[in-house]
Amino acid sequence: MEEEIVNQPLLEKKKYFENCPGCKVDKANELSEGQGVPFTKLFIVWMLVLCTALPISSLFPFLYFMVRDFKIAKTEADISSYAGYVGSAFMFGRCLTSLFWGTIADRIGRKPVIIIAIISVIIFNTLFGLSTSFWMAVIVRFLLGTFNCLLGPVRAYASELFREEHQALGLSTVSAAWGIGLIIGPALGGYLSQPVEKYPHIFPKDCFWDKFPYFLPNFVISALAFVVAIGCIWIPETLHNHNYSDESIEDAKALENGNNGTDNENIQKNENLFLNWPLMSSIIAYCIFSLHDITYLEVFSLWAVSPQRFGGLNFTTDNVGNVLSISGFALIIYQLTIYPYVEKASGPISLGRISSILSIPILQSYPFIPLLSGVALYIVLSICSILKNIFSITIVTGLLLLQNRAVEQHQRGAANGISMTGMSLLNAIGPATGGAVLTWSQKRMDASFLPGTHMVFFVLNLVQALGLLMMFKPFLVVKKKMNTDQLH
């Protein structure tokens with residue numbers, strides 16, 4: 001009987017409260033029925049996600065050179081290990097505070113936490129570009145991760161900001177913007193770092209940009225974050241805030257679509273999320289693939305700029321930026337045109353399994369790419385990079401959809417907090433481990449078993465294979481019956 005009540009149309013039962021920001025959003029959504037895709041809201045989500053994705057990934061193309069300039073590595077092969085520590089510092093900080101910021105977002109609202117996170121990008125991302133020592137870089141990245149837990153609240157925000165029929169599009173936009181940000185970020189880092197060497201006609205020798213050669217990409221991202229922070233003044237708050245004690249009103253409030261963190265009973269139900277195996281199984285698989293993706297991004301950038309005698313491509317940061325830009329452009333086209341149709345035809349699980357299987361031979365072919373030269377090298381590398389990133393975003397998007405289908409609306413904030421904590425913990429391990437394995441691989445160029453970089457890409461494929469295993473029964477369980485306020 002209780003389940004029948006939940007499955008009834010919610011709009012008939014809604015009561016709107018005058019001073020509740022969440023009610024205002026819900027009422028506006030009700031009035032906007034039949035008006036088509038809300039592009040303004042999609043743009044808001046895009047910009048918010050880019051503000052958290054760009055600082056994470058923009059440092060990878062120049063991190064090798066930045067650590068080299070710090071003169072902390074004893075040998076050239078050790079640079080990758082130190083670079084991994086810098087890359088992991090952000091994720092370690094975010095792991096420690098994801099649940100805290102998720103709780104704050106449930107209590108005071110999504111909008112304040114979003115603004116705090118974006119301000120942290122402006123401050124700490126700028127300071128990272130001004131780093132003069134290895135430890136300053138590590139500390140600033142740690143502080144950036146501590147205060148920039150934006151992705152979890154944005155996921156909840158995206159599911160609350162849109163009408164029910166557009167919630168899938170909103171959450172898909174989150175994962176698409178995240179994936180594209182992780183590609184555009186390194187492209188910006190590649191193009192804009194060391195500007196005195198690349199653009200001497202604009203940036204003269206011995207100027208500010210020569211003293212801080214890695215400041216420009218961080219400054220550009222911080223400037224974007226500043227503009228977004230100003231724009232956040234006008235974005236709506238979606239958290240419901242009902243200060244009523246009448247029992248009948250509380251019952252009506254419990255039926256409202258988008259209620260997060262305001263009902264004590266709902267808050268208590270968050271503890272049961274750990275017993276929700278459809279949710280937890282999708283989160284575990286998502287965390288494993290996220291670990292693979294962030295480690296791959298670190299390894300790819302370090303491998304590409306490494307000397308050829310270590311199995312690398314001896315690329316400049318510009319070369320890395322070119323490859324990643326092509327991949328990012330192809331990913332945007334894929335996400336907006338092809339993905340919705342193939343996902344609808346095959347479903348997120350089958351599509352994720354196929355993508356994971358196809359990723360393995362592509363990734364293991366990377367060590368052979370340095371054998372090419374000239375145009376052939378760029379063409380093959382670009383094709384492999386495009387396919388690898390398309391498969392990755394396909395897997396992550398599908399798992400994100402499964403996570404939000406596994407819980408009801410009022411539990412999505414907490415569910416995303418759990419997901420973010422697990423992902424951040426593994427992502428803190430990923431870059432450091434990837435850098436260390438790459439360093440170890442480059443020290444065994446003459447080994448008989450998986451010599452040189454063959455080993456590091458083999459290890460990445462082991463993680464990929466583990467994620468693939470987690471997408472089959474009995475590990476992955478899908479909730480078959482959805483309530484009307486869940487994702488379709």
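Reader: Why does K443 count as exposed?

Author: In this predicted model, K443 has a relative accessibility of 53%. Exposed means over 50%, so K443 counts as exposed.

Reader: What makes K443 and D78 a salt bridge?

Author: The closest N and O atoms of K443 and D78 are 3.2 Å apart. A salt bridge requires a side-chain nitrogen of Lys or Arg within 4 Å of a carboxyl oxygen of Asp or Glu, so the pair qualifies. K443 lies in the loop between α18 and α19, and D78 in the loop between α4 and α5, so the pair ties together parts that are 365 residues apart in sequence.

Reader: Why is the pair of Y82 and Y85 called edge-to-face?

Author: The structure holds 23 aromatic pairs. In the pair of Y82 and Y85, the ring centres are 6.2 Å apart and the planes stand at 90°, so the pair is edge-to-face; the cut-offs are within 6.5 Å for the centres and over 60 degrees for the planes. Both residues belong to helix α5, three residues apart, and are separated by about one helical turn.

Definitions and conventions: Residues are numbered from 1 along each chain as its sequence is written. This is a predicted model: local features need pLDDT of at least 70, side-chain atom pairs count only at pLDDT 80 or more; totals for chains, interfaces and linings use all residues. Side-chain values use heavy atoms; hydrogens and water are left out. Rings of Phe, Tyr and Trp (its six-membered ring) pair if their centres lie within 6.5 Å; planes under 30 degrees apart count as stacked, over 60 as edge-to-face and the rest as tilted. Helices (H or I, at least four residues) and strands (E, at least two) are DSSP runs, numbered from the N terminus. Buried means under 20% relative accessible area, exposed over 50%, partly exposed in between (1.4 Å probe, protein chains only).
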